[in-house]
Amino acid sequence: MRDVWSIFKREVAAYFISPMAYVMGAVFLMLSGYFFSVILLATHSASMQGVLGNMAVIFLFIAPVLTMRQLAEERKLGTDELIMTSPVSTTSIVVGKYLAAVCTYVVYLVITMIYPAILIKYGSPDMGPIYSGYLGMFLFGAGCLAVGTFSSSLTDNQMVAGVVGFGLLLLFWILGWAGAVVTGPIGDTLANFSLLKRFDDFQKGIIDLSSVLYYVSFISIFIFLAVRVIDSRRWS
Amino acid sequence: MIEVRNLTKKYGKARGVEELTFTVDKGEILGFLGPNGAGKTTTMRIITGYLAATSGTVKVDGFDVFEDAMETRRRIGYLPENPPLYREMTVGGYLRFVSELKGIPKSKRKAATSSAAEAAGVDAVYNRVIANLSRGYRQRVGLAQALLGNPEVLILDEPTVGLDPRQIIEIRKLIHSLGERHTIILSSHILPEVSMICNRVVIINNGRLVASDTPQGLSGRLEGRGRIAVRVRGPKDEAPKLIRELTGVASVSVETHDLATENGEVLLIVETDDASDVREDIFFAMAGRGWPIVEMKTIDMSLEDVFLQLTTEERLEDEAEVAPGA
């Protein structure tokens with residue numbers, strides 16, 4: 001646990017020393033702010049529903065960029081030779097790095113809470129869907145970042161890691177459309193695996209335990225895969 | 001302290017290291033020699049746990065590097081060929097991070113980082129960002145990292161590569177002084193360096209052990225043949241002929257790339273049959289003709305010669321093995 005903390009601290013510092021966290025944050029907040037303003041002006045309703053949905057899609061594009069550096073760069077620069085020969089388990093390394101990305105994401109999310117604050121100041125929004133929406137946002141984003149961490153473990157090339165991560169996320173997004181195209185149990189099953197489809201319930205104010213479990217297992221599986229990929233390098 | 005047994009590492013079909021066996025005693029400085037691509041780095045990476053062996057075992061202080069990885073890693077300080085540095089960090093921040101990774105308790109961290117920084121000579125740049133440091137300083141920061149926590153074993157992969165001559169001398173001195181308290185494996189392709197610092201040398205070529213001995217033992221290994229350099233002020237063709245006729249002389253060659261030959265001097269390399277001393281005979285032979293000897297010295301086989309000979313012998317054997325089948 002202490003090892004996770006050490007890795008986590010260094011990684012968060014790396015995010016905030018480099019322009020990465022700021023640039024990605026600026027892009028994310030600019031687009032979120034745009035959607036918030038436009039949707040609010042168009043609907044005049046004190047609700048975050050459409051806004052959170054759009055924020056989720058934006059973050060789907062941001063997540064792979066945020067995580068592509070993580071493990072790929074260690075390998076490129078040879079610093080993996082330090083951490084992999086330290087008395088620290090591979091799981092601690094991957095989890096520490098992953099949590100640092102999640103932490104950066106949470107910082108972004110906290111900043112976006114200006115929007116509900118504005119709604120509360122000038123209107124009386126129904127808080128339930130906002131709370132559950134943010135919980136969903138957190139789980140959804142954490143899922144995207146897990147995919148990003150995993151794809152960063154695959155290569156020493158950041159661009160490749162970013163593109164692979166983006167491709168995987170896109171796949172988990174469009175699986176949701178399968179429900180509309182393919183009818184019957186196959187379509188439903190595919191749609192159940194969609195990252196965004198699950199998020200819809202949270203936006204409406206429904207916290208479905210199975211959806212929470214889905215995100216938690218989704219994250220665990222990709223972190224586990226990243227650990228295995230890194231560990232398997234010893235055998236190459 | 002370190003026991004390597006039948007270590008084999010294959011990269012796909014290519015072999016990295018094959019059936020390598022050697023041991024390093026506590027407090028010993030072992031020089032690991034071989035041409036580029038011989039398998040030095042692979043072996044070191046397996047000892048440190050960065051790579052897993054295809055077969056064979058490595059034990060450090062009685063612990064298996066694979067089974068008890070955490071135990072062995074705690075005992076090893078490792079400097080890879082490219083120092084593993086985070087460029088955006090300061091030297092101090094970096095050393096603090098590594099001391100956390102190595103599990104040095106918080107109360108001792110400060111003392112550990114400053115003593116490692118001092119030992120490696122980076123205390124002057126402690127607060128500078130690593131990206132702005134020179135190659136020599138980065139190498140030292142890498143070394144400081146390996147020294148953190150005072151590990152019993154130090155594995156240093158080409159520690160002097162890329163340094164200027166003054167830095168090389170300093171690093172060698174440092175390693176030598178570290179040898180009093182640590183067990184060290186040091187790889188290099190520079191032979192004098194190894195004969196200077198190490199108690200024992202292991203030579204590998206093509207992933208296989210070629211020789212393991214003290215630097216002196218290796219030099220003396222060459223069948224007792226002696227070599228003498230003689231510089232004579234005399235005729236270029238007759239002087240060697242005369243020496244060749246002496247008993248005990250195996251061969252005489254004239255060193256043609258010698259500047260002094262223009263002054264009527266000739267430099268001869270005399271090889272003797274056995275350990276017999278022919279220096280007096282040479283002196284009298286030359287004196288009888290009135291050709292003054294201006295210089296005479298015995299030439300020790302350098303590690304370079306040993307190395308070349310051992311690795312070429314190996315190649316000849318290899319070819320001999322292959323030939324019947326081919």
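Reader: What is the handedness of the crossing of α3(B) and α4(B), left-handed or right-handed?

Author: That crossing is right-handed. Bear in mind that we're looking at a predicted model.

Reader: How do you know which residues of α3(B) and α4(B) meet?

Author: Contact takes C-beta atoms within 7 Å. On the α3(B) side you get B:V91, B:G92, B:L95, B:R96 and B:S99, and they meet B:R109, B:A112, B:T113, B:A116 and B:A117 of α4(B). Sort the residues of this contact by type and you have 5 nonpolar, 3 polar and 2 charged.

Reader: What does chain B use to touch chain A?

Author: The contact between the chains takes 22 residues from chain B and 17 from chain A. In chain B, α2 (69-75) and α3 (91-101) each supply at least two residues of that side. The helix that gives the most is α3(B), with 4 residues. By type, this side of chain B splits into 12 nonpolar, 5 polar and 5 charged.

Reader: Now over to chain A. Why is A:Y105 called buried?

Author: Count the C-beta atoms around A:Y105: there are 25 others within 10 Å. Buried takes 20 or more, so A:Y105 qualifies. You'll find A:Y105 in helix α6 (residues 90-112) of chain A.

Reader: What is A:Y105 in contact with, leaving aside its neighbours within four places in sequence?

Author: A:G141 and A:L145. As for A:F138, that residue is 33 residues apart from A:Y105 in sequence, yet their C-alpha atoms are 8.3 Å apart in space.

Reader: What makes A:L145 stand out in the largest nonpolar core?

Author: Its contacts! This core has 133 residues, and A:L145 is listed with A:A146, B:Y94 and B:A144 as having the most contacts inside it.

Reader: How much of chain B is buried?

Author: Buried residues make up 40% of its 326 residues. Chain B has 11 helices and 14 strands.

Key: Residues numbered from 1 in each chain as written. Chains lettered and ligands numbered in written order. Predicted model: local features only at pLDDT ≥ 70, side-chain atom pairs only at ≥ 80, totals over all residues. Core = buried A, V, L, I, M, F, W, Y, C linked by C-beta atoms within 7 Å. Buried ≥ 20, exposed ≤ 12 C-beta atoms within 10 Å, placed from the backbone. Contact = placed C-beta atoms within 7 Å. Nonpolar A, V, L, I, M, F, W, Y, C, P; charged D, E, K, R; others polar. Left-handed = near helix turned anticlockwise from the far one by under 90°.
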